[in-house]
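Please look over the model shown here, with attention to its pocket and to one of its strands.

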Amino acid sequence: MQWRKGIAVVAAALTLAGCGSATGADQAAVPGPVSAADLAKVTLKVGDQKGGVKSLLTAAGQLDGTPYRIEWSTFTSGPPLLEAASAGAIDTGRVGNTPPIFAAAAKAKIKVISVSRSNVEREAILVPPGSTLPDVAALKGKTIGVAKGTSAHGQLLNTLHKNGLSTKDVKLSFLQPSEAYAAFTQRTIDAWAIWDPYTAQAQLEAHARVLADGRGASNGLGFLTAGTAALADPGKNSALRDFAIRVVKAQKWADTHRTEWARAWAKETGLKLEVAQKAVDAGRDLPIPLDDAVVASEQQLADAFTEEKTLPGKVDFAAFADRRFGPDLDQARSNG
């Protein structure tokens, strides 16, 4: 992994609370507050995806004045990011709705600590221009590219179920997004299950057609996750609280500054501006409470994977939801 150092600025001499409130078994595990001097010694290791949290925070000005150091690493998708978090190689990172389920099934040492929701219409099953496939039912026996354990995998599973199919009725080609884009344009796969900005890129550059989108098949959730070791460490717990609040504020900023965000996103990722603008205009991630409805929605998706025998057993998603920062994030959502 290639690590990149973020901005390091020592905060003014004040004490930062290390947590919000927690309930049940989480309460005993929540460290107390640390001083600004101790927080200044913390290095928070953050995993990211292309055009992800780093570019968002940078564009929104939310990396200014962080009272701890940040080291960044880049991952191709959520599953390898969570593997790194579980192993302690990173402390936190943002992923889609499905990677935490696979991580939970693998007994990974991670928790979800905050959540946002995006426009599910931008989670799509695409076919190349000129494809004669008329609908999802016609995918039976066809080859579909998808990154295993990602949000696209979950959306594909539910979309197939809605149309009387299962993943056993199609041929899944497990490819990371860059590999899948090449396979899609070279017509070595019949369809591609993917998310923005790749959806926008395929539509604008490869003239892809949307066979089905995530409406009725995806909950559109994305999670900020943290390793349990980081959450148990007083200094890193305080840094995680601050970082999660900054992400919430940046997401709210991006929704009201779409042109600025698209330009920054394009510059950071190398995407064409029109691709970034299309993805941003469709509606990006907005923070929501990590409540029982979110947990229930994720449990439903986890159960669908279990029923297909993609996962070895039942996942208790509630055990992986840590709401200790809830009150602080509620305030950030309210105040912007």
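The report below takes up the pocket and its lining, and then a strand and its partners.

## Basis

The structure is a predicted model, and the values that follow are computed from it.

## The largest pocket

The largest pocket has a volume of about 720 Å³, and its lining is made up of 37 residues, among which Arg 94, Trp 195, Asp 196, Arg 284 and Asp 285 lie nearest the centre. By residue class, the lining of this pocket comprises 15 polar, 14 nonpolar and 8 charged residues.

Several helices and strands contribute to that lining: at least two residues each are supplied by strands E2 (43-49), E4 (92-96) and E11 (221-227), and likewise by helices H3 (53-59), H4 (78-87), H7 (177-185), H10 (234-256) and H11 (258-269). The largest share, 3 residues, comes from E4.

Strand E6 (residues 124-127) runs antiparallel to E9 and is joined to it by 3 bridges, with Leu 126 standing opposite Trp 192 of E9. Strand E7 (residues 143-146), in contrast, pairs with E9 in the parallel sense over 2 bridges, and here Ile 144 has Ala 191 of E9 as its bridge partner.

Conventions
Residues are numbered from 1 along each chain as its sequence is written. This is a predicted model: local features need pLDDT of at least 70, side-chain atom pairs count only at pLDDT 80 or more; totals for chains, interfaces and linings use all residues. Side-chain values use heavy atoms; hydrogens and water are left out. On a 1 Å grid over the protein atoms alone, a cavity is a set of points where a 1.4 Å probe fits but cannot get out, and a pocket is an open set with protein on both sides within 12 Å along at least five of seven lines; lining residues have an atom within 4 Å of a point. Grid points are joined across faces, edges and corners, and a volume is the space filled by probe spheres set on the points. Helices (H or I, at least four residues) and strands (E, at least two) are DSSP runs, numbered from the N terminus. Ala, Val, Leu, Ile, Met, Phe, Trp, Tyr, Cys and Pro count as nonpolar, Asp, Glu, Lys and Arg as charged, and the others, Gly among them, as polar. Two strands pair if DSSP finds at least two bridges between them.
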